[in-house]
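Colleague: I am new to this structure. Can we go through it in short questions and answers?

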Amino acid sequence: MAPAATSQKISEKDDLDATIKKLASLKPIGHSSYTGEIKSGYSGSWAEKLPETTKARYARHGVDISKGYPYVPEVDKIPKFVNEAYAIRNEVYPYVERGAKADPEKKALFGAAKEVINLTKHLGTEIVGLQLSDLNDQQKDELALLVAERVVVFFRDQDLSPQKQLELGHYWGQVEVHPQVPRISEEFNGVSVIWQDYYRAKYGLHLSFKKAIGGNAQWHTDLVHELQPAGITHLHNDAIPSVGGDTLWASGYAAYDKLSPAFQKFLDGKTAIYRSAHQYVDPENPLKGPKYVEREHPIVRTHPATGWKFLFVNRSMTVRIVGLEPEESKTILEYLFSVYEKNLDIQVRFNWRPTKEGLGTSAIWDNRASQHFAVWDHEGKENRHGTRVTSLAEIPFFDENSKSQREALGLSLD
Ligand SMILES: [Fe+2]
């Protein structure tokens, strides 16, 4: 017979295991505001609620939604513990920067377009009269460079299949397959569904007129906690409100150029901690509450295509600057967030409306040198639905010999 002390320990361990299991099953998806149960698999009723333009897009391109829509991964495939979440893509993979060797004049891309419109001085370009599905490799390389330079590039009036969107994503890097975000179907790993109506109803995402901040309706950069964070990101919206539902982007190159040389020097070479959007149970300390995946990256990065320095922070997911006292880090980060958020001259606001009914609009942006914000002014009264593919990029680095954008372009530094 086991001594009393040993059997007490065994029973405590059993209790702990049971608690861990319970916590993990309660929150298979770690949105902090959500406490309900997630239904895995396909949703029949939501397939019916899909906007007509989305249904038509899927029908045109042979996307089968007869089993339901969207597809939520099975609970046993979703990581519940933080160590499981870390283990996803925890190994270095080779990254090829497609924009690095592209023609700086982008003759193949611009030559095929009807019009190229710069929407603001520092960021945002719209390309008119070109279907993304028709691009050849040379044009894709040039587009990668243009995205790196202009931060975000738009294409209206697109008839783009999710298959083609995924193919483009694979060309620009390793496509991120999110462990838990709903996708079109099991065949479309890597094509995430961006549908606020669905997330509000099924995941408890809180968005109202009074509190129109949450989810994508706040300044953020996607997937900064990855070992190799997001590079080129492509959202194709196939259902767009008649008014509103805009998205804003802000330039990380310009945010860096807004700082004084002395402050730039202070930040150059420093690192910060970046966290995931979702939380997981900590098996070491399950009762302490859910934990984010966290990784350390340079706070000023060098872009591998342009060679320009950019400020890599965002309010949603940059936790602290390494090596500083907590109050120092908090104060400095707050200032850096405000540089991105408050300088309207380094932002672009885009309305997604196509000129031809029934077609969609694509935004392709550099998720390294930017932040974005989806405005929720349509209040869910009109459909807004899209599919997103993210190509992960390089391991973030800082090259002390690299220049800022304005330095490189010979623009005034005042
Ligand atoms: Fe986002």
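Modeller: UniProt, in an unreviewed entry, places the feature "domain: TauD/TfdA-like" at residues 118–390. UniProt positions follow the numbering used here, feature names are shortened, and annotations may be inferred rather than shown by experiment. Residues are numbered from 1 along each chain as its sequence is written. The model is predicted: local features need pLDDT of at least 70, side-chain atom pairs count only at pLDDT 80 or more, and totals for chains, interfaces and linings use all residues.

Colleague: How far apart are the end C-alpha atoms of residues 118–390?

Modeller: That span is 23% helix and 30% strand. Helices (H or I, at least four residues) and strands (E, at least two) are DSSP runs, numbered from the N terminus. The end C-alpha atoms of the span lie 24 Å apart.

Colleague: What span should helix α11 have?

Modeller: Helix α11 covers residues 326–342, which is 17 residues. The expected span is 1.5 Å times one less than the number of residues.

Colleague: Within what arc do the buried residues of α11 fall?

Modeller: The buried residues of α11 are Ile332, Leu333, Leu336, Val339 and Tyr340. Buried means 20 or more other C-beta atoms within 10 Å of a residue's own, exposed means 12 or fewer, and partly exposed is in between, with C-beta atoms placed from the backbone. The arc is that of the directions from the helix axis to the C-beta atoms. The buried residues line one face of α11, because they fall within an arc of 110°.

Colleague: Which exposed residues does the face of α11 turned away from its buried side carry, and what covers the buried residues?

Modeller: The cover includes β9 (247–251), α9 (252–257), β13 (309–311), β14 (318–321) and β17 (370–374). The face turned away from the buried side carries the exposed residues Pro326, Glu327, Thr331, Glu334, Tyr335, Ser338 and Lys342.

Colleague: Which residue of β15 stands opposite Trp249?

Modeller: β9 is largely enclosed by the rest of the structure, because 4 of its 5 residues are buried. Thr247 stands opposite Phe350 in β15. Opposite Trp249 stands Val348.

Colleague: Which residue of β14 is the bridge partner of Ile273?

Modeller: Another open sheet has 3 strands in the order β11-β10-β14, with antiparallel pairing. β11 (291–298) and β14 stand at the edges with a single partner strand each, so one side of each is left without a neighbour in the sheet. Strand β10 (residues 271–280) joins β14 through 3 bridges. The bridge partner of Ile273 is Arg320.

Notes. Two residues are in contact if their C-beta atoms, placed from the backbone, lie within 7 Å. Two strands pair if DSSP finds at least two bridges between them.
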